[in-house]
Amino acid sequence: MIQTSGVIICLGYIFGLLFTAVPWGGVWILVLGIVGAILFRRRTTSRQLAQKSENAGSKNKAVPNIWQTTPHPRIWLAAGLVGLLATLYLQWRVPQPGAKDISQFVPPGNSSNQEQLVIVRGEVASNPRLTRSQRGQFWLEATQLDEVKNQKGSAGVPKGVTGKLYVTVPILQATGLYPSQQIAVTGILYKPKAASNPGGFDFQKFLKQEGTFAGLIGRQINVLDQERKWGWWQIRERIVRSQVRWLGVPEGPLVSAMVLGSKAVDLPYDIRDLFVQAGLAHALAASGFQTSLILSVILQLTRRAKKATQFTLGFLALIIFLSLTGFQPAVLRAVIMGFAALVGLLLKRKVKQFGSLLLAATLLLVFNPLWIWDLGFQLSFLATLGLVVTVPPLVNRLAWLPPAIAVLIAVPLAATIWTLPVQLFVFGVVPSYSLLLNVASTPLISIISIGGIISAIAALIWTEAGSFLAGVLHYPTDWLIKLVDFFSKLPGNSVAVGSISSWQLLVIYLLIILVWLVPWWQQRWWFANVIAIGLVFIPLWHSTNTLFRITVLESGTEPIVIVQDRGTVTVINSGDEGTGRFTILPFLQQQGVNQINWAIATDFQGNESNAWLELLQRLPIKNFYEYSPKPENSIAIQAIQQELQKYQGSYQALAVGQGVKTGSIVAKLINDQLPILQLQILDQNWLLVGNIKSKEVQQLVKSGSLPRPQVLWCAPQSLKDLVIALQPQVAIASSANFDPKALSELNKSQTKLFFTGRDGAIQWTPNGQFEAFIEATENKSSML
């Protein structure tokens with residue numbers, strides 16, 4: 001399908017895109033091309049001399065053309081130049097807001113909680129989906145912007161705008177919307193934030209990859225166009241409704257997701273999270289399996305027809321499937337490989353799977369080079385590469401097993417080998433039973449996928465027939481959900497090993513490639529495996545046993561402090577509902593933390609929070625201390641105690657003034673009404689102060705109840721009074737915006753100020769200075 005020279009050129013382009021993450025990456029890839037040309041020229045010359053000596057006494061023997069199998073040095077130079085151009089091409093294709101992009105009209109400093117109402121008119125660009133916060137979400141192609149001048153809703157002079165918006169509205173407002181519909185949304189414009197905490201979700205980066213630079217929190221939608229224009233979404237909706245009718249929820253959306261992909265179906269988040277946590281996320285992504293299944297069915301039904309007829313029907317089937325799934329990168333890759341197989345069938349030539357995979361990846365990255373950083377594209381490409389190059393040798397090594405079982409084991413194992421390093425780099429978590437679950441679930445996934453495709457085809461012809469056929473899949477789908485749920489609840493279902501670094505990622509993939517290509521390493525695959533495991537766990541072991549670090553997470557109104565003390569972890573406060581799942585857990589997973597040794601709850605916000613339950617459902621807590629506890633019959637207390645019993649953890653209610661020693665920390669609540677928590681960390685005194693008034697500050701200082709701290713955390717309303725009264729070395733507040741006059745006064749003091757809303761998480765180590773996460777991230781980005 002693709003010659004050796006073509007492989008090198010394609011690899012040069014792909015590596016050129018990857019090298020954009022390295023300073024002067026384009027130059028480095030060009031240097032590698034030059035080095036390859038020099039080394040290959042010497043190798044080629046030696047081969048030519050050897051060939052001449054072999055053929056010197058045999059004039060009748062034809063001299064083989066080594067250029068058919070050996071790339072010319074010019075190919076390596078060309079690959080280096082292509083890689084250099086690829087780095088420039090990606091930078092050119094990076095989305096940038098235009099002069100009339102709607103993000104340019106967001107007021108400076110505007111955030112999602114400010115009351116600057118606008119009316120945005122435009123065209124709906126996607127089907128509405130349900131967010132985790134139970135709001136409707138869709139994309140809107142903006143065309144006009146009106147500012148609301150008064151409470152009655154009168155608008156100012158309209159402005160013509162461009163750009164795509166990420167819109168969220170109350171769920172009832174989004175009901176009934178469909179793509180290409182003209183609407184006007186009244187709401188609040190805002191610019192997305194970058195990740196504020198290590199391991200946190202980077203909303204700004206996510207929108208930028210979609211070519212979007214602003215969001216809109218909608219309150220009301222006015223439909224301007226009731227005409228329903230035809231689109232692929234109607235066919236997709238017909239299939240989903242047909243399958244959900246008899247299967248219900250969540251079985252119906254799950255079957256639809258396995259046929260059309262989770263991005264084309266609004267799959268419930270609990271099912272999605274369940275499959276992801278268990279290591280079965282690929283089952284929700286329509287890609288190679290569905291494409292192979294469709295082609296197999298088409299070719300089998302038309303086996304007596306002409307090759308041209310088979311090609312035409314297969315081509316149309318793949319185009320329809322691609323349109324229904326919404327042009328996702330993984331599906332595009334699978335469809336292009338399917339096209340290559342059809343071309344090979346038409347020309348009666350055997351298609352090399354590796355060549356078609358590489359060609360598909362190159363074509364997609366030429367179309368959109370930003371997909372090189374799309375996680376779905378990366379995992380799809382690597383998993384397919386594993387199936388192409390690693391399954392055959394694995395099956396040979398498992399020859400002592402029946403062939404069907406050997407293939408059943410080799411397929412998920414090969415995909416895991418090639419995708420696990422990227423998963424560790426991004427998430428830092430290993431699903432412990434992923435391989436076993438993949439083997440056990442493959443028959444069910446095959447049955448559901450085949451039945452789902454048949455049901456979808458039937459639904460396009462007759463909705464009731466599609467529903468009936470989907471109903472047959474009830475038991476397999478229910479068994480699959482129960483199987484995944486069973487594995488996800490097993491002890492140690494996921495192990496956090498911490499996010500590996502870029503150099504660890506590169507070395508591990510180098511070892512995988514050596515085992516793939518070099519015979520010496522193929523015979524010593526176990527040695528490469530030992531090295532790869534050591535590369536992951538030795539740095540983790542060293543960091544766990546030597547690191548002492550304090551992190552103050554950005555979480556809003558409550559101070560959340562995490563202390564990593566040479567292998568033991570203390571978490572102070574958990575924040576609002578959702579903070580545990582989306583702020584604390586990602587940070588702990590990135591750090592390779594699998595257990596919380598001490599948890600201290602001080603109830604700064606004065607309300608019951610479910611964030612501790614979110615943590616307990618994923619991580620064991622050995623010792624749980626709570627100041628100012630609720631009554632013993634409190635629902636929250638009972639739920640926490642029940643979860644603690646699962647891990648044999650202890651619960652203790654503490655009184656004001658009672659100290660808790662956790663490793664190198666002594667914590668004591670001074671006042672539960674305000675509240676005020678004092679932390680003695682090594683030789684430093686930390687003070688976490690709730691929202692108090694100026695008079696209360698003065699009274700506490702006079703009474704001596706507030707010791708002078710080196711580090712102060714407080715609400716932004718109390719920052720000025722507390723800094724003036726206590727004069728700490730470092731003060732941390734939770735606000736993103738602060739009064740400029742007050743800030744100017746405070747800057748004259750000796751206190752160093754941090755605002756987690758602006759600076760992100762604040763980290764400190766005994767031998768270092770306080771460091772703001774966002775500033776550190778920006779410094780690393782500027783280096784690249």
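Reply: A residue is called buried under 20% relative accessible area, exposed over 50%, and partly exposed in between, with a 1.4 Å probe and protein chains only. The model is predicted: local features need pLDDT of at least 70 and side-chain atom pairs count only at pLDDT 80 or more, while totals for chains, interfaces and linings use all residues. Residues are numbered from 1 along each chain as its sequence is written, and side-chain values use heavy atoms, with hydrogens and water left out.

Me: Is Ser434 buried or exposed?

Reply: Ser434 counts as buried because its relative accessibility is 11%. Ser434 belongs to helix 16 (residues 434–461); helices are DSSP runs of H or I with at least four residues, strands are runs of E with at least two, and both are numbered from the N terminus. Contact means heavy atoms within 4.5 Å. Apart from neighbours within four places in sequence, Ser434 is in contact with Ala278 and Gly279.

Me: How many residues of strand 11 are buried?

Reply: In strand 11 (residues 560–565), 6 of the 6 residues are buried, so the strand is largely enclosed by the rest of the structure. Ile560, Ile562 and Gln564 point one way, and Val561, Val563 and Asp565 point the other way.

Me: Which strands pair with strand 11?

Reply: Two strands pair if DSSP finds at least two bridges between them. Strand 10 (residues 548–553) runs antiparallel to strand 11 and is joined to it by 6 bridges, with Arg549 opposite Gln564. Strand 12 (residues 568–572) also pairs with strand 11 in the antiparallel sense, over 5 bridges; there, Ile572 is the bridge partner of Val561.

Me: Which residues take a positive phi in the two hairpins?

Reply: Between strand 10 and strand 11 there are 6 residues, and Gly556 has a positive phi near 100°. The hairpin of strand 11 and strand 12 has 2 residues between the strands, and Arg566 in the turn has a positive phi of about 50°.

Me: How is the length of helix 15 checked, and where is its kink?

Reply: In helix 15, a kink of about 45° lies at Thr419, shortly before the proline Pro421. Thr419 and Pro421 are among the buried residues of this helix.

Key:
The bend at a residue is the angle between axes fitted to the seven residues ending there and the seven starting there.
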